[in-house]
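Here are some notes for a colleague who is opening this entry for the first time. Please keep the sequence and the model side by side while reading.

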Amino acid sequence: MGFYNEHDEIVMAHAAGLLPPAQALVIETQAALREDVRRELKDCEAIAAALMEDCAPADLSADLRARVMDQLDLPAEEPVAPPSGCDHRLPEPLRGVVGKDLDSLPWRWVMPGLRDCVLPLGAAKSPPGNGGTMRLMWVRAGTRVPAHSHRGLEMTLVLQGAYRDATGIYGAGDLQLADERVDHGPEARAGADCLCLVVTEGPVRLTGRFGRLFDRIVRY
Ligand code: ZN
């Protein structure tokens, strides 16, 4: 599994076909949301094509889509109502891969103001045993996610709304890359709920004063 600290590195890795499908989908969705990322990706693809004449960039295959849709039909452990207060239509190409919109996905309650929906794509394509996941996360306006650090790379693409942590403010179309060196407690900005696509290589590690307690009661 490659490690990418900078945004341009991970875009280049995607252009070169090196990213697993969950991470590739994050970059493709960000490119759909932002013109500057589209341009960057196009440039990187041109470079990658020149470097590897016979290697086409990774694509989200029909087989992959079929597997994701199959698994999404599994019932949730504890189904909860889909989040309100945000647009229920997912952006492409995420929507095409998931095949559903927010209101028909199996949401889980995590804690007040925080729900998530695990998309099996990430876990299915991660190396065995490392616990990587791909999920949608909904955070109510003004709610703070428990402070945590990471095991491996965490990619967080903001689809709607905005959040902030100690490193900055992330709005729709922004992608934050974090790893074990980052300890943060993202807070959804007031006024609008925040919806993110989150791909992790390993389970997050809850930190902060109540980290160990949260570890037991929060499935995060
Ligand atoms: Zn994080």
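The points below take up the basis of the model, then a metal site, then a sheet.

1. This is a predicted model, in which local features need pLDDT of at least 70 and side-chain atom pairs count only at pLDDT 80 or more, while totals for chains, interfaces and linings use all residues. Residues are numbered from 1 along each chain as its sequence is written, and side-chain values use heavy atoms, with hydrogens and water left out.

2. The zinc ion is coordinated by His 148 (NE2), His 150 (NE2), Glu 154 (OE) and His 184 (NE2), at 2.0 to 2.1 Å. Donors here are N, O and S atoms within 2.8 Å of the metal (3.2 Å for Na, K and Ca), and since water is not among the atoms, sites may look incomplete. Along the sequence, the spacing of the donor residues is H-x1-H-x3-E-x29-H.

3. An open sheet of 3 strands runs in the order β7-β6-β9 with antiparallel pairing, where strands are DSSP runs (E, at least two residues), numbered from the N terminus, and two strands pair if DSSP finds at least two bridges between them. Strand β6 (residues 162-165) pairs with β9 over 2 bridges, and with β7 over 4 bridges.
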